[in-house]
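Please read the following explanation alongside the sequence and the coordinates.

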Amino acid sequence: MQNAPTLRRSHRNSRMRLPRLKQNSISWLLRAAIIGIVGLFVAGMLAFAWISRDLPSPGEITKRTGSSTVFVDRNDEVLFEMFEDKNRIPVKIANVPENLKHAVIAVEDKNFYSHGGFSTWGYIRSIFRIATTGRLSGGSTLTQQLVKNALLSRERTLTRKAKELILAVELERRFTKDQILEMYMNESPFGGTFWGVQSAAKGYFDKDVKELNLVESAIIAGLPQSPSIYNPISGREGAYIGRTQDVLRRMREDKYITKAEEKKALSDLEHIKFKPNKLAIQAPHFDFYVRRLIAEKKKKKMLDEGITIKTTLDLKAQAKIQKITFDEIEKIKAFKATNGAVVAMDSQTGEILSMVGSYDYTNPEFGSYNVATAH
């Protein structure tokens, strides 16, 4: 009987200690959570610092024109830009037709004007695919594609993907959406040596980019995803047709064009004509003539230093004289005339205003030979 109260007290005391144990558990979990969060933050900062240690500057994209040699005419119109094995003719976004801008955004990044450089859902999909298949997936925004094309290698690794994300966010912070879109238009591959929409317009249609119609814009907008496949001249046969149909469909779904406009463009697609082997270079014989003069003066290295070479050529006069030469040779081909050349000069200064070295530079038999200079 004497032991009963003791037992009851022990039981009561044990029950009274339970809240204190719960408090200790909650406190421990809270401390662990805080330590974990701080640890993740520190680890993230260290990872960011490590990944960022050798990142190129986003500002380098705007210097690309400065890092390549550009030939301009007397009015500062671009004739040709030399950059490794890429033919690029820079173009301002104001000169890119609305149809082309809309086509690119519709097929590549419909949320371009609302995101901050990357797609959250795109990254979630990428992580899921890595977890399930071990492969990196695409889903890049226009900004990320610009970073990939202009600043980073094309390797598919987690480190490069992280660098791509960091640079994309930084680009969005430094530049406006239109500036980023302009850089994308000038720095993306469009098949072969054609880089940029102006180069592609010249190369596939022998047109200035601002002259492209809806179906031509849709064709060009679809190329960057896989230029070697969708290249309408040397890619997989007919692949560009399906790709262009997809571009037009997405433009219609995003309400950039109507159903009627899509139908008309699809009809035009069946009759599209390309002008293969056209160089994305204006006044080619004159450009090569200037390059030879520079080399003869033992200043060839100057061409690799990223300079602008202002010439005496008048691009508008060049275009007119080129057309006249072509038309006149066509008229007298029946008399076995095969070629012709014209050089127009300022009689007061001796400056060359136009040089047409042959009536068709792309002719495989004689086009590259400059009749005017015998080179």
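**From the chain to its details**

Among the contacts in the protein chain with a separation of 6 or more, 65% are between residues 24 or more positions apart. The model is a predicted one. Its protein chain has 13 helices and six strands, and 42% of the 375 residues count as buried.

H2 spans residues 98-108 and is mostly covered, with eight of its 11 residues buried. The buried residues are Leu100, Lys101, Ala103, Val104, Ile105, Ala106, Val107 and Glu108. This list includes Lys101 and Glu108, which count as charged residues. What do the buried residues of H2 pack against? Their partners are helix H4 (142-150), helix H6 (177-187), H7, H8 and helix H10 (239-253).

In general, side chains of opposite charge can pair when their charged atoms come close.

Two of the helices that H2 packs against, H7 and H8, also pack against each other. Two packed helices are described by the angle between their axes and the distance between the axes. For H7 (residues 197-205) and H8 (residues 214-221), the angle is about 115° and the axes are 11 Å apart. The crossing of H7 and H8 is right-handed. On the H7 side the contact is made by Val197, Ala200, Ala201 and Phe205, and on the H8 side by Glu216, Ile219 and Ile220. Sorted by type, the residues of this contact are six nonpolar, no polar and one charged. The spacing of such positions can be read with a general rule in mind: an α-helix has 3.6 residues a turn, so residues three or four places apart point the same way.

The loop between H7 and H8 contains Asp206. Asp206 is not a glycine, yet it has a positive phi of about 55°. Is Asp206 buried, partly exposed or exposed? Its relative accessibility is 36%, so Asp206 counts as partly exposed.

A second residue of this kind is Lys336, which is not a glycine and has a positive phi of about 65°. Lys336 lies in the loop between helix H13 (315-331) and S5. The relative accessible area of Lys336 is 76%, and the residue is therefore exposed, the cut-off being over 50%.

Strand S5 (residues 342-345) is joined to S6 by four bridges, and the two strands run antiparallel. Val342 has Val356 in S6 as its bridge partner. Strand S6 (residues 352-356) is mostly covered, as four of its five residues are buried. In a regular strand the side chains alternate between the two faces of the sheet. The hairpin of S5 and S6 has six residues between the strands, and Gly350 there takes a positive phi near 80°.

Glu351 forms a salt bridge with Arg74, with 3.1 Å between the closest N and O atoms. Glu351 lies in the loop between S5 and S6, while Arg74 lies in the loop between strand S1 (69-72) and strand S2 (78-83), so the pair ties together parts that are 277 residues apart in sequence. How exposed are the two residues of this pair? Glu351 counts as partly exposed because its relative accessibility is 27%, and Arg74 counts as partly exposed at 29%.

Another of them joins Glu330 to Lys333, where the closest N and O atoms are 3.1 Å apart. Glu330 is partly exposed at 36% relative accessibility, and Lys333 is partly exposed with a relative accessible area of 38%.

How values were computed:
Residues numbered from 1 in each chain as written. Predicted model: local features only at pLDDT ≥ 70, side-chain atom pairs only at ≥ 80, totals over all residues. Heavy atoms only, no water. Buried < 20%, exposed > 50% of the residue type's maximum accessible area, 1.4 Å probe, protein only. Pairing = 2+ DSSP bridges. Axes fitted to C-alpha atoms, helices over the stretch in contact; angles between N-to-C directions. Left-handed = near helix turned anticlockwise from the far one by under 90°. Contact = heavy atoms within 4.5 Å. Salt bridge = Lys/Arg side-chain N within 4 Å of Asp/Glu carboxyl O.
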